[in-house]
Amino acid sequence: MSHEAAQGLPEGILAHHFSSLERQNEAMRLGMWLFLATEILLFAGLFTGYAVYRFQFPLAFAECSRHLEIALGTLNTIVLITSSFTVALAIHFARTDRRRAAVICLVLTIGFALAFLGIKAVEYTAHFHERSLPGKYYAFEGVKILGAAMFFTMYFLMTGLHGVHVVAGMSVLSWLLWRTLQGRYSSRYYTGLEMGGLYWHLVDLVWIFLYPLLYLI
Amino acid sequence: MAESATQHQHETHDQHSAVPYVVVWIALLVFTAVTYLTGIQHLGKWALAIALAIACTKSALVALIFMHLRESSGATRLVFVTSLVFVALLLFFTVSDVATRFTLATPAGAPFGTERSQPEGLLEHEMPAEE
Amino acid sequence: MRLSEADSARLAGALPQAPTYLQDGTTVLSWLNTRDHKRVGVMFLASVIFFFFIGGIFALALRMKLLQPGPYLIDAVSYNRLFTLHGVVMIFLFLIPSIPSAFGNFVLPLMIGARDVAFPRLNLASFYLYLAGAAITIWGMLQGGADTGWTFYTPYSSTTPTQVLPILLGVFVVGFSSILTGLNFIVTVHTLRAPGMTWMRIPLFVWGIYATSIIQILATPVLGITVLIVAVERFAGFGMFDPARGGDPVLFQHMFWFYSHPAVYIMILPAMGVISETVSAFSRKNTFGYKAIAMSSLGIAFVGFFTWGHHMFVAGQSTFNAGAFGILSMFVGVFTAIKVFNWVGTMYRGAIAFKTPFAYICGFLYFIVFGGMTGVALATTSLDIHWHDTYFVVAHFHFIMVGASVMGFLAALHYWFPKMFGKTYPEGWGLVAASLIILGFNATFIPQFLLGNYGMPRRYYQYPEHFQALHVASTAGGTLLGFGFLIILIYLTIALIWGQRSESNPWGSKGFEWLSASPPPTHNFDELPTITQMPHDYRTHEPPGVLHVA
């Protein structure tokens, strides 16, 4: 399109209704942040439920929290923080035209995401074995006070919804990895990668709150 | 004009540095260690405040540096801040309701009760000694 | 305001018109796969009108049953399902997407001088999500529907044997569509305004839609998660809202109304935007109090979030919360009053053209004041205890949501009909239908105010015999209302197919959306216009039909 050629851009980047690439990038960024705002409010519903029930059942929540594997929770925190770091690096390398390094960082990020899910799976398996499960499935011998089942309801809802976001983020990152391998991103244009990165950071942000609220009461 | 703008962007990107990312990463790990160490002490009523303060600091770092909010336009910053304000709003009025509600009386023999009115709870077990 | 030479020459008829968006590809596929905001808007318009009639048929069925105090026509179980479906269809499939998705999509980019919305593909995706959500909801209806009421209160909604799941899922998906539309509009307003369009030159309809979009972004996700949790309750028994497991059903109501109260403003703010536009256009006078109207839209969007607890005065909410929410709710009245004052101020000493849209403006003003005042009364905690869950509440929110919102929708439909399709509707029939609707509406809902005040509870299948006269009156009004809508459907369909070709700007309006041809070409403008003045500036004296083209 002449529109793009006039600005010295490769084809297929600038949409016809934007006057410049900067304007379009700004639109993408704003759109992504609005989307992240909706994600934050989606989680807000669960955090509200958590707050109400922790207020109503402080003993049960403290007691149940101590039956979670703090070591695994902490490890997962470190894994996710590091993955957030590597994805930030991936964007940095892409915008400084170091494609190989960007690819490596993306692969690492996806690896960390898988590791996170793996560790979470270990924890879930343990919960299934000791029957520390939500609502009507709760039959854990360790804690037998009112509200214990509610702790695990919140635990599973929150980590479950977060897990779904990890999977979604991983799929986005894999797609971005493929596009990076194709050489779509460079100092000229890396907005797609930046958007994927923002999403992944949000997944990290949510976990930063989930970790102390669930594991460290 | 557009040509020179892209050119300008190009130059700034070459100078783009990864040092802040490394610093933030290390800071996040340190904060994780701090929240872990304070968390396992079970500091009573301060525990939640400390944990949330650390979590907020960590997320501020992620948002400002990793997510480039520091260099973003005012509109994007406003979006993020607004979403947090409304999270606070939902939390505030919902928790304030529960906190200021009458504790409903539980009839004798009811299968459940609130912790305050019926400390034995669901399964005829003793209460743990600690708060 | 400066249009490019080619654009202004086309508008003045000196150059041949570019092919309109309607002519640019006429196959079904060219519509289904379009990126054009105008086509997406038209497809939304057709869908919401379809669902409006479906919801209307449910309403009429309910009213027919209520002719008799005892069992009549339909059984109690079907009655419960019908009022649920009436609510779900009218709110989620009609009111919420009605003005923003249909008219917002069509005129918002035209008004701010953009060639499209920021994310055209996302816009189309939003339409398909809406269709998908609607399809799931319909499927749920065909499976037997739900009987929870549109509010899905737990624990009933997590235990009733009816088909709540597909309806919840449908609502969730439609919510997604609503979020994407809102997101698109906010980004469009921020990044695609024509040169010279400062924030204080944005047309008031765009301000209304912008405020609506903020609510859609901030509130809809909370409905999403609430609905998901109820779904999990149903198929997995997590017990988050189940009192038998220590759960708190009032928590559900908090989360539900955190969305559903602001959702009322999703329904009314765009209608207010329409009124702000049309009141200027048909009074041929500059908008009185532009800034006050624009800022009060944001004010309503903001304050609307601080009022949700007034739905829960008798639900076991704490006295502190009830008091706080009662007071905060009244602030909405302040912002609405500012708007009403300015609309009336715009009309004052204007050269009023009493066309069909103006009839709806008058209807709107009456309904919003009446509905709003009863709303302030209901926000008074002590009064609400008497009126809660009676027909008084039903009549109140119908005054706002049907009265005011639908008046806005119909005003927009008539005002922009020539813009969208380049055809003229029959003015006489328009006025006949408008009077029928305004009359029928009053006849339907004023008896319901009285019924509610006498203690008739909402959603009841049977009632004491001495209420029958008022119920019959209400049903008679409802029938009149139905006829009114039917007349509009018929004459607009005829106008669409056989109607006379309209001029480019039949109203002589100085709104920015009339800067392009009617119907507009695919990309709206050859070159972006430059905005040099406020919208609806009638101080200049060009003949109607030609805008101030420098």
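Q: At roughly what angle do the axes of helix H3 and helix H5 of chain C cross?
A: This is a predicted model, in which local features need pLDDT of at least 70, side-chain atom pairs count only at pLDDT 80 or more, and totals for chains, interfaces and linings use all residues. Residues are numbered from 1 along each chain as its sequence is written, while chains are lettered from A and ligands numbered from 1 in the order in which they are written. The axes of H3(C) (residues 37-65) and H5(C) (residues 120-142) cross at roughly 15° and come within 10 Å. Axes are lines fitted to C-alpha atoms, for helices over the stretch in contact, with angles from 0 to 180 degrees between N-to-C directions. Helices are DSSP runs of H or I with at least four residues, and strands are runs of E with at least two, numbered from the N terminus.

Q: Roughly parallel or roughly antiparallel, then?
A: H3(C) is roughly parallel to H5(C), a term for angles under 35 degrees.

Q: Which residues make that contact?
A: H3(C) contributes C:His37, C:Val40, C:Met43, C:Phe44, C:Ser47 and C:Phe51. From H5(C) come C:Pro120, C:Asn123, C:Leu124, C:Phe127, C:Tyr130, C:Leu131 and C:Ala134. Contact requires C-beta atoms, placed from the backbone, to lie within 7 Å.

Q: Moving on, how many residues of chain B are in contact with chain A?
A: In that interface, 49 residues of chain B are in contact with 48 residues of chain A. On the chain B side, H4(B) gives the largest share, 13 residues. That side divides into 29 nonpolar, 16 polar and four charged residues.

Q: What about chain C with chain B?
A: Here 14 residues of chain C are in contact with 12 residues of chain B. H9(C) gives the most to the chain C side, with three residues.

Q: Last topic: what is the secondary structure of chain A?
A: Chain A has seven helices and zero strands. Its C-alpha trace spans about 70 × 30 × 25 Å along its principal axes.

Q: What percentage of its residues count as buried?
A: Of the 217 residues of chain A, 58% are buried, meaning that 20 or more other C-beta atoms lie within 10 Å of the residue's own, with C-beta atoms placed from the backbone.

Notes. Contact = placed C-beta atoms within 7 Å. Parallel < 35°, antiparallel > 145°, perpendicular 65-115°, else oblique. Nonpolar A, V, L, I, M, F, W, Y, C, P; charged D, E, K, R; others polar. Buried ≥ 20, exposed ≤ 12 C-beta atoms within 10 Å, placed from the backbone.
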